[in-house]
Amino acid sequence: MSELVQLGAKEATECPASNFSGMDKPTWELYSTCIHCGLCLNHCPTYRVLGTEMDSPRGRIYQVLQVDEGNLAIGDSFVTHIDRCLGCLACETACPSGVQYGHIVERARAQIETHYKRPWLERKIRQFFFTRMLRDFQLLSNCGKVLRFYQQSGLQKLVRTSGLLHLLGLAKLEKLTPQMDPVFFFSNIGMLIPAEGKLRGRVGFHSGCIANMAFADLNHCTVRLLARNGVEVFIVPRQRCCGALQAHAGFREDARHLARRNIDAFGPQLGTLDAIVTNAAGCGSNLKDYPDLLKDDPDYAVKAQEFSGKVRDVTEYLAQIGLRDPVEKLKGRVAFQDPCHLNHAQKIRSAPRDLLTAVGATLVELPHPEQCCGSAGTYNVTQNDLSTQILDRKLDDVDAAGEFDVLATANVGCMLQLRAGLDQREKKVGVVHVVELLEKCY
């Protein structure tokens, strides 16, 4: 018996305890599917820019394994390499083994939030943004009004021309600030928009969070397009932010809170809805991932499956029901940029292209459509230098595509990033959402 005790003590010494803890930890079942083939490397934007193994999906999975085995601390090095990941999921498309890399890195970031102490100011900003502002639409609206005043009062122009932003090193970041719309979309939440003509479907519309302030016109445009194609649109009351930004940043419990609130909001209507529609690829990806977030919640696991089973990107839904004949067709050449969370996360590639060609557009394909633009939620703010390098490669692809009239995409984050990059290069090309082009035809 004493020999067994000694053997057990020896094994415990030789096998350090995991540095992960709690329910949000990367599991062996997740990362053991990686066969270390390296096919993901050249599809990874950070590896393509930095050329370092530890900034590739394979390298990050190896680091996660080392932390789980107790051989690597959740310290500065680990945090740096995990933070550098965009979460674009191009590696998942390239992977022959079906590694769920997105679930691995999200759980790794949740562990970082639990076990790693970021600098004080960074920590406070992150906590305010992810755990307070995005959860409270009233607070979010108030912050948006302050920003709108800054932009419309002349203060923004004054600050930009003063040189203060360059002095503080904030000039690039400030250009990424979304322009607040004159009227926010929040006041439309709870409205029922009737279908025009023969009823062809009924959907619930998820309007997003920041999109209610910076892309209110896009939300209106989406609702009008659906109605003009015979779809009744219910902008469901009490809906909240989808939780994507929180999940990607490691605040998974906050993401769960928002997931439950959305399930509760849409729940009473779910049986009457053909789909829950969103116009933001990042939101759609996370709304479809609620079953993973809530799989251990006995009260919401089944509800999450039912909810997510009805989520559709607006291009996905319109391609499914088919567009009515347009009043007038699009004229000109349209280049399409694939949002990563539409292409890689939701595997939706043909729908936006089919819709554009259906209304008469001549489609122009960009080289390397699988590559990220560098936006990735808040990534272009938190990793601005690396994001800019990734964006530069995307802009090179835009230049290589030749002549076209407008650049279309299907995610608001991509729109902001591409607009900032094209403005920096003084390239006079409009960046619009696919929905905005389609709606013009009706």
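User: Is Phe307 buried or exposed?

Analyst: Phe307 counts as buried because its relative accessibility is 1%. Buried means under 20% relative accessible area, exposed means over 50%, and partly exposed is in between, with a 1.4 Å probe and protein chains only. This is a predicted model, where local features need pLDDT of at least 70 and side-chain atom pairs count only at pLDDT 80 or more, while totals for chains, interfaces and linings use all residues. Residues are numbered from 1 along each chain as its sequence is written, and side-chain values use heavy atoms, with hydrogens and water left out.

User: Ok, which ring does Phe307 stack with?

Analyst: Tyr290 and Phe307 form a stacked aromatic pair, 5.3 Å centre to centre with 20 degrees between the planes. For the cut-offs: rings of Phe, Tyr and Trp (its six-membered ring) pair if their centres lie within 6.5 Å; planes under 30 degrees apart are stacked, over 60 edge-to-face, and the rest tilted. Tyr290 is buried as well.

User: How many aromatic pairs does the structure hold?

Analyst: Eight. One of them joins Phe266 and Phe307: the ring centres are 5.7 Å apart and the planes are at 80 degrees, so that pair is edge-to-face. Phe266 is in helix α16 (residues 252-266) and Phe307 in helix α19 (residues 301-308), so this pair ties together parts 41 residues apart in sequence. Phe266 is buried too, with a relative accessible area of 0%.

User: And which residues make a ring cluster?

Analyst: Phe129, Phe130 and Phe251 are linked into a cluster by ring pairs.

User: Which charged ends sit over a ring?

Analyst: The charged end of Arg240 sits over the ring of Phe137, 5.1 Å from its centre. To count, NZ of Lys or CZ of Arg must be within 6 Å of the ring centre and within 35 degrees of the ring normal.

User: Back to α16. What does Asp254 touch?

Analyst: Asp254 has its place in helix α16. Leaving out residues up to four places away in sequence, Asp254 touches Thr131, Arg135 and Gln246. Contact means heavy atoms within 4.5 Å. Asp254 counts as buried, at 13% relative accessibility.

User: New topic: sheets. What's the strand order in the open sheet of five?

Analyst: The order is β1-β3-β2-β4-β5, with mixed pairing. β1 (192-193) and β5 (311-313) stand at the edges with a single partner strand each, so one side of each has no neighbour in the sheet. Two strands pair if DSSP finds at least two bridges between them.

User: How does β1 run against β3, parallel or antiparallel?

Analyst: Antiparallel, with two bridges joining β1 to β3 (residues 231-234). Leu192 stands opposite Phe234 in β3.

User: What about β4?

Analyst: Strand β4 (residues 275-278) is covered on both faces: Ala275 and Val277 on one side and Ile276 and Thr278 on the other are all buried. β2 (residues 201-205) pairs with β4 in the parallel sense over three bridges, and Val203 stands opposite Ala275. β4 and β5 also pair in the parallel sense over three bridges, with Val277 opposite Arg312.

User: Why do the side chains go to two sides?

Analyst: In a regular strand, side chains alternate between the two faces of the sheet. Strand β8 (residues 406-409) has Val406 and Ala408 pointing one way and Leu407 and Thr409 the other way, and all are buried.

User: Which strands pair with β8?

Analyst: Strand β6 (residues 333-336) is joined to β8 by three bridges and runs parallel. β8 also pairs with β9 (residues 430-433) in the parallel sense over four bridges. The chain crosses from β8 through α25 to β9, a right-handed β-α-β crossover. Right-handed means that, with the strands pointing away from the viewer, the path from the first strand over the helix to the second runs clockwise.

User: What span should α25 have?

Analyst: The 13 residues of α25 (residues 412-424) should span 18 Å at 1.5 Å a residue, and the end C-alpha atoms are 19 Å apart, which agrees. The expected span is 1.5 Å times one less than the number of residues. Buried residues in α25 include Val412, Cys414 and Leu418.
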